Amino acid sequence: MTDQPSTAVSFCRPAYDRDRLKTRLLHIGFGAFARAHLAVYLDATLAKTAGDWGICAVRLHSGADELAALEKAGCLYQLAEADDDSATIRTIGAVCATLHPKTTDVEAFYAPFVSADLSIISLTVTEKGYCTDGRGNLDIENPAIQRDLRDAAVAQTAVGVIVEGLRRRRATGVGGLSVMSCDNLPENGQTTQNVICAFAGLKDADLAQWIAHNVTFPSTMVDRIVPALTKQAEEYIAGLAGGSGANDIVCEPFRQWVIEDNFIAGRPDFDLAGAQFVENVAPFEDMKLRMLNGSHSFLAYLGALAGYETVSDCMKDKQLRGAARALMVREQIPTLSMPEGTDLEAYADDLLKRFENTRLKHKTTQIASDGSQKLPQRMLNSINHHLRHGTPWHALCLGVAAWMAYARGQDENGAALPLADPLAQRIRSIVADQADGPDYVRAMLQLDTVFPVQLANDPGFQQPLITAYQRLRQPGVHAALADLEN
């Protein structure tokens, strides 16, 4: 058994009648984060309302075995909310059905989409799952989108699946619903609307009009640190609960959800479980994307280059910890405009404490994935702010340089670093064609879905980035961090 918290472990099981649950909410991308966030909020809401809001858990590609295991377990799974001092094991009961295209036929797959009970389709499919062009619009040239446009009935993208579901829903006359993104995207509701409506318009102009009048796209801000399940995490849960399943997950105790109250066909009372319903989510999105996600990426790239496996390992390095706080306080906070009374420095300090949680084992290489999709909202938007206002952006510069260094595939000790990115093929070509140095940086800046042309060609951006990159590569990470301290 792995090491366990020294304090008593508490347990929480569903106290509501699960037989009442219907598929009122269909969630696409039922991975670790959905199991630890949306499903937890609904589970807590049901405990207070005893309603009939159930989740149909949907996976589109991988995950068929996990969904089969979930069905076998009665759609129950365990969540360990753990830090270095305590743990709560929650049995989550909000799921009432599962769905995977590999285990059912087309008609059965789309049956829940046309049910009068269904009110919300939600998503956690990561940034790349929206198939955008990097500007929040549909990438029409994306091969998967091209394929789904040819044959939407067996769509493979979340965009194609949702549009086909809405087409069938319109044909049956059951009315509209809401499509709610729970991914880390700026204005995620607007982005979701953009790609859904654009895809629908390419298929059927009348369908696109129907969606415009009958479907709403509320924006959300989600916050909870949920690493991918590892063997060590499985053993941890098993040691606490006496066993573990394929869908069990370990996460931090903290959770936050800010939701635009824009639901055309009703919604659960998520506020009873601690969610906030607001008119404008954008300030909270920016706060989270820049402070939490931005500093997470900063730690991931620099930490991985320095040979650190997890975020909690990074936090033991005083230089890295101090640099992450400086990034948040000196360079991200000045770019934000928050509601009165928001204490952003306290938020930064709370984030550092959350990053220290050794129970999570959040790997730097996991956070480092899909960097080309994450960099614009986590760092580049802030850099643009500083360039306009003539204010310092040294840590942000180092963060971008670290992404470029990470993309070359080796840490400072020569160990391999995985490159999991939608642009991996293009990046590998650049690495192969360019010697390590200024020309490599200039070539990476030509990735126009990452770097807008005006920014990439701005000497006020390009030259500091080259300087930071060279310092990072020689003498190395800690010398570059020392420059920040000075």
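A crossing of two helices is left-handed if the near helix is turned anticlockwise from the far one by less than a right angle, and right-handed if clockwise. The structure discussed here is a predicted model, in which local features need pLDDT of at least 70 and side-chain atom pairs count only at pLDDT 80 or more, while totals for chains, interfaces and linings use all residues. Residues are numbered from 1 along each chain as its sequence is written, and side-chain values use heavy atoms, with hydrogens and water left out.

**Helix packing**

Helices (H or I, at least four residues) and strands (E, at least two) are DSSP runs, numbered from the N terminus. The crossing of H6 and H7 is right-handed. The axes of H6 (residues 158-172) and H7 (residues 188-203) come within 9 Å and cross at roughly 65°. Axes here are lines fitted to C-alpha atoms, for helices over the stretch in contact, and angles run from 0 to 180 degrees between N-to-C directions.

On the H6 side, Val159, Gly160, Ile162, Val163 and Leu166 meet Val195, Ile196, Phe199 and Ala200 of H7; contact means heavy atoms within 4.5 Å. The residues of this contact divide into eight nonpolar, one polar and no charged. In that division, Ala, Val, Leu, Ile, Met, Phe, Trp, Tyr, Cys and Pro count as nonpolar, Asp, Glu, Lys and Arg as charged, and the others, Gly among them, as polar.

**Nonpolar cores**

A nonpolar core is a set of buried Ala, Val, Leu, Ile, Met, Phe, Trp, Tyr and Cys residues joined through side-chain atoms within 4.5 Å. Buried means under 20% relative accessible area, exposed over 50%, and partly exposed in between (1.4 Å probe, protein chains only). The largest core has 91 residues, and those with the most contacts inside it are Met291, Phe298, Met404, Phe451 and Leu472. Not counting residues up to four places away in sequence, Phe298 touches residues including Ala323, Leu327, Met379, Leu398 and Leu484. Another core, of 40 residues, lies apart from the largest one; Cys56, Leu166, Val179 and Phe199 are among its members.

**Salt bridges**

A salt bridge is a side-chain nitrogen of Lys or Arg within 4 Å of a carboxyl oxygen of Asp or Glu. By this rule the count comes to 22 salt bridges.

| Pair | N to O distance |
|---|---|
| Arg90 and Glu81 | 2.7 Å |
| Arg378 and Glu127 | 3.8 Å |
| Arg325 and Asp349 | 2.7 Å |

Arg378 and Glu127 are both buried. Arg90 counts as partly exposed at 25% relative accessibility, whereas Glu81 is buried at 8%. Arg325 is partly exposed, with a relative accessible area of 27%, and Asp349 is partly exposed at 29%. Elsewhere, Glu107, Glu164, Arg167 and Arg168 are linked in a network of salt bridges.

**Backbone details**

A cis peptide bond joins Gln474 and Pro475, with omega about 20°. Pro475 is found in the loop between helix H20 (459-473) and helix H21 (477-485).

Cys75, in the loop between helix H3 (64-72) and strand S4 (77-82), has phi near 65°, a positive value in a residue other than glycine. Cys75 is buried, with a relative accessible area of 5%. Glu187 has a positive phi near 50° and lies in the loop between strand S8 (177-181) and H7. At 47% relative accessibility, Glu187 counts as partly exposed.
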